[in-house]
Amino acid sequence: MKKVSKILAVILSVCLLFSLTAISAGAVAEAIPNDHKRPSVTAKQVTTRPNIDGKLDDATWKQATKSPFTQAALQAGAGILWSYPETGGGYTELPEDGDGDFYLGWDSEYIYFALEVQDEEHVNNQSQGHLLWRDDCLQIQIGHSRQSMFDDSARFELGFALNDKNDRQLGFRWTDTTGLVGDFLRAGATTDMSKGAGADYYYYVGRNDSKYTTTYEIALKHSWLGGDGLVNGDTFMLGFALHLQEDALPEACLGDPSTYNGYFMEWAKGLVFGKTLSEAGVITCSASGGGSVTPPPANDPTTTAKTTAKPTTTKPGQTTKPGQTTKPGQTTKSGQTTKPGQVVTTEAPTTTTVAIDDVEVFIYNAETAVDADEEVVNAVAKDFADKELSVKTLIAPDDKSKLSGIPSENLLGVYVKDRKGRLKKIEPTMEKGTDAEGNEVEVPVYEVGEKAEVVLAYEAIPTTTTEEVTTTLADATTTAKTAKPTKATQAADGEADDEAGFPWWIIVVAVVVVAAVVAAVIVMKKKGAAATEEAPAEETPTDDAE
């Protein structure tokens, strides 16, 4: 009887192993080929613990390292896109969702991870933990140190999801340091870790249907992963995969490839298939600063950029530089005003001449940026309702996915259009470069994607045009009125003003005329007085005459 029980236990273990490794993370998906490179991230130490609530609005995530998580970045080598093969060859069309950012931070006890992505419709109706991967979810594999990449017994594989049917927070553990596990994690709940924390893990999946975003917020205790706490310079292994399912699947569809219509976005490798930490990304803990390198910089020829100041002719409403326009009655800078058509020297936005050893980077060129159309301007204006904007757009080249050298003066934000025309604000990561003097510097670099439409939003700082003064001679007084030249006369007036400067002769003529009028009045008064003195006095009759 004992022998039969052992045989049955072995059979069940083998079946469970197959279900958790072959089925977990989509056994029917295939990788879309790319030139994969192991990604690495330097994670920043955080000084505050987050409120785990599915919102990334506290100080922890502002301190943590933020890195792009996009189809373009993964296809550029930071990871793998997995799709389900079509009958007869090819792949299902990739959904237009999934792009976002991920965050990494740490302190002496916990590793903090968050992922926020665009997802027009969140779908997950799974009730069995080991099947939650079949709908929208996040899977993570993690090892407590870099040495764990050589020891898969140190590998944790975890999954997190939000069930649409009952808003239940789902967490599942496929493996840990004890080997194959396969059990539910404690249900996720909002927890303010700043008020006290001691549990092995915390997580919460937040959904914002109005903004079409899903946010995964997670804290994992380093000792739970098999470590003994973190210090500056420590490393650990990490890989994660986002699954996006376009339609909810009934559980009866398990194993039928024709029923799947989602795909996986995997950062690093070895999670969706392989189940090994040897292909995961390397995370380095840093007590000062951080940043991502995805993929690592290549030793290729450097790229430089430089712009110089040049004279420009300003007119009311004319753009003189990104974020600066001219309007009557507004000031450009201390002590300087402009008239319609007056030539003034304005400083063009200048980017420091910096060499960057990343062949994926292209440098901003003002000549390729054009004024955005009204629809784009209105979309950006929703973020800056109280500001006057100058909005530019440009298109990334076919073979470059990162943008640098953007003029930072008055810059409000950088956006990228997704395939549905929605604007997504992006933040830069810092990459190392060398300035003109040979000093090592950090340069902001934006992950935009190849052939992407990039939108640059600047605060408009208008320049001043002086009021044109006219003189009315009828009453020998002067009146000022604001000049509003028409398009037909603006160019001619501008050319005249450019050549002659301010028309001082008008004031001279006015003074001369006023002086002449005053002199004439004085002369007339003197003549009147003289005439009165020369006139004979009229005699008055007396009594003697009678």
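In this predicted model, strand β13, which covers residues 201-208, gives the largest share of the lining of the largest pocket, namely 4 residues. The volume of this largest pocket is about 1,500 Å³. Its lining consists of 46 residues, and those closest to the centre are E116, Q118, K211, T213 and K425. Sorted by class, the lining of the largest pocket holds 20 charged residues, together with 13 polar and 13 nonpolar ones.

The second largest pocket has a volume of about 680 Å³. It is lined by 32 residues, and T70, A72, D99, V448 and G449 are the ones that lie nearest its centre. Two or more lining residues come from each of β4 (65-69), α3 (71-78), β6 (100-106), β28 (411-417) and β29 (423-426). Among these contributors, α3 provides the largest share of the lining of the second largest pocket, with 4 residues.

Strand β4 is largely enclosed by the rest of the structure, because 4 of its 5 residues are buried. Its pairing with β6 is antiparallel and runs over 5 bridges, and within this pairing F69 stands opposite G100 of β6. Helix α3 is likewise mostly covered, since 6 of its 8 residues are buried; the buried residues in question are Q71, A73, L74, A76, G77 and A78. These buried residues of α3 pack against β4, β5 (79-83), β16 (263-267) and β31 (440-447).

Which residues does F240 contact, once its neighbours within four places in sequence are left aside? The contacts of F240 are F69, F102, F113, L115, L138, Q139, I140, M265, E266, W267 and L271. F240 is placed in strand β15, and it counts as buried because its relative accessibility is 0%, where the cut-off for buried is under 20%. Between F240 and Q141 there are 99 residues of separation in sequence, yet their C-alpha atoms are 6.1 Å apart in space.

A sheet remains to be described, and it includes two of the strands already named as lining the second largest pocket. It is an open sheet of 5 strands in the order β25-β26-β32-β28-β29, with antiparallel pairing. Its edge strands are β25 (370-371) and β29, each of which pairs on one side only. Strand β29 runs antiparallel to β28, and 4 bridges join the two. In this pairing Y415 has K425 of β29 as its bridge partner, and K425 is also one of the residues closest to the centre of the largest pocket.

Technical notes: Residues are numbered from 1 along each chain as its sequence is written. This is a predicted model: local features need pLDDT of at least 70, side-chain atom pairs count only at pLDDT 80 or more; totals for chains, interfaces and linings use all residues. Side-chain values use heavy atoms; hydrogens and water are left out. On a 1 Å grid over the protein atoms alone, a cavity is a set of points where a 1.4 Å probe fits but cannot get out, and a pocket is an open set with protein on both sides within 12 Å along at least five of seven lines; lining residues have an atom within 4 Å of a point. Grid points are joined across faces, edges and corners, and a volume is the space filled by probe spheres set on the points. Ala, Val, Leu, Ile, Met, Phe, Trp, Tyr, Cys and Pro count as nonpolar, Asp, Glu, Lys and Arg as charged, and the others, Gly among them, as polar. Contact means heavy atoms within 4.5 Å. Buried means under 20% relative accessible area, exposed over 50%, partly exposed in between (1.4 Å probe, protein chains only). Two strands pair if DSSP finds at least two bridges between them.
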